[in-house]
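Thank you all for making time this morning. Please bring up the model on your own screens, and I will talk you through it.

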Amino acid sequence: MIASGPGLFDDLPPSADRVDIGAQACLLRGFAGGRDTAFRRAIDAVAGQADFRNMQTPGGGRMSAAMTSCGGYGWVTDRRGYRYAAADPESGAPWPAMPRLFAMLAAKAASHAGFDAFEPDACLVNRYAVGARMGLHQDKDEADYDHPIVSVSLGLPAVFLWGGLRRADKPERLLLEHGDVLVWGGADRLRYHGIAPVKAGFHPFAGEQRINLTLRRSQ
Ligand code: MD3
Ligand code: FE
């Protein structure tokens, strides 16, 4: 069990600003708000040990979002494919430890959404410059789809594309803003999703960037 610790995220009523966007998917608006300094320090500490990089895709292109990871496993892509790896291929070293803030937030958000005892072992950190995007895809590299995923949006807003179980299903568009948290699992775990190109702007947390954390159980 991850100790939640008194104080952190205990100050929200159980259904504060909760928008159901699927049978087992919900948006907790502002759930991660008001902790900018802690998030900034944690992200800088992770990037200081494993810097953001624009990874290669199996097709030979590069992701437009820059990525890094923390926790026991990190998500990597290269010419060989997509997978979780225990070491950062850039350095050969283990990924930075998962900041307690991330693990606590993930467990609290998951429990608000009805998923008990979520203990992530991987956090993928995506950094979007203006114009960066993520095409419609499914998250299928985790061993067990019964675990939920929790995502935290920070910095510039972005339009989240929320599709169906088939690539051809027309996605809904949902604006994700600084501090918004998404939780999904179960029936919604394999839905196609993506991020539309990030529009120019400035946010005090991240300047001209958007940062997204996705907390997962990979193994
Ligand atoms: C719904 N990241 O890292 S987070 C990803 O904002 C990814 O950087 C996006 O998609 C981002 O894989 C979206 C929200 C999200 C993430 C994974 C999902 C929603 C999801 C997997 C299944 C269903
Ligand atoms: Fe995804």
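I will begin with the metal site, go on to the ligand beside it, and end with some individual residues.

A word first on conventions: this is a predicted model, in which local features need pLDDT of at least 70 and side-chain atom pairs count only at pLDDT 80 or more, while totals for chains, interfaces and linings use all residues. Residues are numbered from 1 along each chain as its sequence is written, chains are lettered from A and ligands numbered from 1 in the order in which they are written, and side-chain values use heavy atoms, with hydrogens and water left out.

Which residues coordinate the iron ion, ligand 2? The donors are His-137 through NE2, Asp-139 through OD and His-193 through NE2, at 2.0 to 2.2 Å. A donor here is an N, O or S atom within 2.8 Å of the metal (3.2 Å for Na, K and Ca), and since water is not among the atoms, sites may look incomplete. Along the sequence, the spacing of these donor residues reads H-x1-D-x53-H. Asp-139 belongs to the loop between strand 7 (134-137) and strand 8 (149-155), and His-193 to strand 12 (residues 193-195), so this pair ties together parts that are 54 residues apart in sequence. Strands are DSSP runs of E with at least two residues, helices are runs of H or I with at least four, and both are numbered from the N terminus. Asp-139 and His-193 are both buried, where buried means under 20% relative accessible area, exposed means over 50%, and partly exposed lies in between (1.4 Å probe, protein chains only).

A polar atom of the Arg-189 side chain lies 2.9 Å from the backbone oxygen of Asp-139, and Arg-189 counts as buried because its relative accessibility is 3%.

Let me turn to ligand 1. This ligand is surrounded by 20 residues, of which the closest are Asn-126, Tyr-128, Trp-184, His-193 and Arg-210; to be included, a residue needs a heavy atom within 4 Å of the molecule. Asn-126 places a side-chain N or O atom 3.0 Å from an oxygen of ligand 1. Taken alone, ligand 1 exposes 490 Å², and the protein buries 98% of that, the areas coming from the Shrake-Rupley method with a 1.4 Å probe.

Which elements give two or more residues to the shell around ligand 1? They are strand 6 (122-129), strand 7, strand 9 (158-162), strand 11 (181-184), strand 12 and strand 13 (209-216). Strand 13 gives the most, with four residues.

Staying with strand 13, Leu-213 lies in this strand and counts as buried, because its relative accessibility is 0%. Its C-alpha atom is separated by 10.0 Å from that of Ala-106, 107 residues apart along the chain. Arg-216 is also placed in strand 13 and, at 6% relative accessibility, counts as buried. Between Arg-216 and Ile-149, 67 residues apart in sequence, the C-alpha distance is 5.1 Å. Arg-217 falls in the segment after strand 13 and is partly exposed, with a relative accessible area of 27%; its C-alpha is 7.8 Å from that of Pro-148, at a sequence separation of 69 residues.

I will finish with two loop residues. Ala-117, in the loop between helix 2 (100-112) and strand 6, has a positive phi of about 55 degrees although it is not a glycine. Most residues other than glycine have a negative phi. Is Ala-117 buried or exposed? At 57% relative accessibility, Ala-117 counts as exposed. Ala-50, by contrast, is buried, with a relative accessible area of 2%, and lies in the loop between helix 1 (36-49) and strand 3 (66-71).

Notes: A polar contact is a pair of N or O atoms within 3.5 Å; within protein, one must be able to donate a hydrogen and the other to accept it, and residues adjacent in sequence count only if both atoms are side-chain atoms.
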